[in-house]
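Student: I have a structure to go through and would like each label tested against its definition. Can we begin?

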Amino acid sequence: MNPVRRTVRRPGRLAAETAALLTAAVVAFPLYWMVLSAFKPAGEIESSEPRPWTLAPTLDSFRRVFGQQEFGRYFLNSVVVAVAVVIASALIAFLAATAVTRFRFRMRTTLLIMFLVAQMVPVEALTIPLFFVMRDFGQLNTLWSLILPHIAFSLPFAIWMLRGFVKAVPEALEEAAYIDGASRARFLWQILFPLVLPGLVATSVFSFISTWNDFLFAKSFIISDISQSTLPMALLVFYKPDEPDWGGVMAASTVMTIPVLVFFVLVQRRLVSGLGGAVKD
Amino acid sequence: MTAPTGSADLDRGRVRVVRGVPRSSPRPRGGSGTPWLYLAPALVVLGGLLAYPIYQLGLISLFHYTQAQVSGGEPTTFEGFGNYAELFADERFWQVLLATVLFAAACVVCTLAVGCALAVLLTRVRAVPRLALMLAALGAWATPAVTGSTVWLFLFDPDFGPVNRVLGLGDHSWTYGRLSAFFLVLLEVVWCSFPFVMVTVYAGIRAVPSEVLEAAALDGASQWRIWRSVLAPMLRPILVVVTIQSVIWDFKVFTQIYVMTNGGGIAGQNLVLNVYAYQQAFASSQYSLGAAIGVVMLLILLTVTLVYLRLLRRQGEEL
């Protein structure tokens, strides 16, 4: 490394690293407090002198959470919805992104602008009409009423994000494949798809999160059959504004957050490089 | 959202030279129906679950539509712009609109400031602090909105939360006052949305060739000068993307407000448009009023989108 640069940077580094570590601690603190409180015995949670540790960790709160009516079922519902949305929107977005990047056809620009505009649509504003659509098709109280809208809402963003990745695959590769006698479908699934996979991972993170987080649709579309409900609703069972069961809320929150956290850490590298790849094109 | 940038292609809207010239990228091959075949699933889903509901939303906002009509007890009557007239005559609506804009603006400014500052910080530190900050940020990012909302509420709980103890605030209730409740929600929103800005801007800075920065440093430029004159212009496309994305997200905040202020705060003091529309539609069964609020939101966000598109075009972005 350049010696000049090193001397320029040295003095500030210690301060910068201290600041980074402190910030990391502050940012991570709510999560630490969540997990800690989930393991605290009831007496410590309800103490007016909260301490940032516990000497008597207990699983009581988790027992209450899992003992609650069909909590496992809610968890499973959340997983089913999120996985269905991630897979469906990844496949559909992959096809659409291929169409708009590797073909030139009339209306292409119009379509792209439409996808862009679609991203801006406030999903929440569509709750009312979607409620009636779901009712008319008899899909209220079913997981479909959560899966279908989320596929639609993840798509525009996913298509935009994947564009850069599909574009980055050299044209020459496509030609070589056809010269070697590959069919279009074979090129699509056996050559292009694996090459675009890192991009799909980054895209999936976003559709997974927005689906896993969904609170509004679960609240609005699953009205009478709570066995079809998802985790956010289960969590709110413990959260009553007048008298919240904080231990239960924190235990349920922990159970709800851990899968996303694990997913994030697993794809962390790809996410960062994916975002970098997408933005620099 | 990502606007791929820095592409050397000229804006097709203005410069048509590229047409017909063999290019590295899209071109027709085989049947012209193939792209439509690839697009079909996307268009079906988007048409049925996005375009059609938008049309329905507009329609409902023009009718008188309450519980009686939903259950079929009374016929629906066409109201024209009656719902809008009612809405605009309501002082409440303007208060909520103002609160929404101010709240979203505050969230966007704080998110961008924190995100950018930490992105620059990340480039200054060695691997271990960088990984620590990155993991903490990913944790905040990964936290579902409902979970984050309850955890922050608990942290600031007047009886059992650690924040009041550390600050010596006794049993001060953060959700009681209008501003302090908004402030608490703002903290949560910034906490869970700065990581996206930080990671994206950091990725952008990393993509800037280090020679450029070294040259600037050799020329004696200060850090601030490097940021202002070298990095910021190169990162502008990314900054535009994260800004617009933040505007869109923060304008639509729902879960945090709903959970943290228990449905919009005491006497609705913390309502934002989204929650207001929801309350009108589902709590008061005023579906047509809720739909009209939805249309107003849609129009505001479409305006933002148009600004975004213009910015992209000015940068010579090829769509």
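Student: Leaving aside neighbours within four places in sequence, which residues is Gln280(B) in contact with?

Tutor: Gln280(B) is in contact with Ser285(B), Gln286(B), Tyr287(B), Leu289(B), Gly290(B) and Ile293(B). Contact means heavy atoms within 4.5 Å. Note that this is a predicted model: local features need pLDDT of at least 70, side-chain atom pairs count only at pLDDT 80 or more, and totals for chains, interfaces and linings use all residues. Residues are numbered from 1 along each chain as its sequence is written, chains are lettered from A and ligands numbered from 1 in the order in which they are written, and side-chain values use heavy atoms, with hydrogens and water left out.

Student: What makes Gln280(B) buried?

Tutor: Its relative accessible area is 15%. Buried means under 20%, exposed over 50%, and partly exposed in between (1.4 Å probe, protein chains only). So Gln280(B) is buried. The residue is found in helix α12 of chain B. Helices are DSSP runs (H or I, at least four residues), strands are E runs of at least two, and both are numbered from the N terminus.

Student: How many helices and strands does chain B have?

Tutor: Chain B has 13 helices and two strands. Of its 319 residues, 55% count as buried.

Student: Why does Ser180(B) count as buried?

Tutor: Ser180(B) has 18% relative accessibility, so it counts as buried. The residue is found in helix α8 of chain B.

Student: What does the side chain of Ser180(B) reach?

Tutor: It reaches the backbone oxygen of Trp174(B) at 2.7 Å. A polar contact is a pair of N or O atoms within 3.5 Å; within protein, one must be able to donate a hydrogen and the other to accept it, and residues adjacent in sequence count only if both atoms are side-chain atoms. Beyond four places in sequence, Ser180(B) is in contact with Ser173(B) and Trp174(B).

Student: Which residues have the most contacts inside the largest nonpolar core?

Tutor: They are Trp246(A), Phe264(A), Phe103(B), Met198(B), Val201(B) and Leu235(B), in a core of 205 residues. A nonpolar core is a set of buried Ala, Val, Leu, Ile, Met, Phe, Trp, Tyr and Cys residues joined through side-chain atoms within 4.5 Å. Helix α8 (residues 178-207) of chain B gives the largest share, 16 residues.

Student: Why does this core lie between domain 1 and domain 2 of chain B?

Tutor: Domain 1 (57-89 + 286-318) and domain 2 (98-283) both give residues to the core, so it lies between them. The domain bounds come from an automatic or database domain assignment.

Student: How far apart are the C-alpha centres of domain 1 of chain B and domain 2 of chain B?

Tutor: They lie 29 Å apart. Twelve residues from domain 1 and 16 residues from domain 2 make the contact. The area buried between the two is about 1400 Å², and carbon and sulfur atoms give 79% of it. Buried area is the accessible area (1.4 Å probe) that two parts lose on being put together, summed over both.

Student: What span is expected for helix α4 (residues 91-124) of chain B?

Tutor: The expected span is 1.5 Å times one less than the number of residues. For the 34 residues of this helix, 50 Å is expected, and the helix reaches 50 Å from its first C-alpha to its last. At its start, a side-chain oxygen of Asp90(B) reaches to within 3.0 Å of the backbone nitrogen of Arg92(B).

Student: What is the phi of Met107(A)?

Tutor: Phi is near 75 degrees, a positive value in a residue other than glycine. Most residues other than glycine have a negative phi. Met107(A) is found in the loop between α4 (71-102) and α5 (108-120) of chain A.

Student: Is Met107(A) buried, partly exposed or exposed?

Tutor: Its relative accessible area is 47%, so Met107(A) is partly exposed.

Student: And where is Asn141(A)?

Tutor: Asn141(A) is in the loop between α6 (127-136) and α7 (144-168) of chain A. It has a positive phi too, of about 70 degrees. At a relative accessible area of 14%, Asn141(A) is buried.

Student: What makes α6(A) mostly covered?

Tutor: Eight of its ten residues are buried. Among them are Phe131(A) and Phe132(A).
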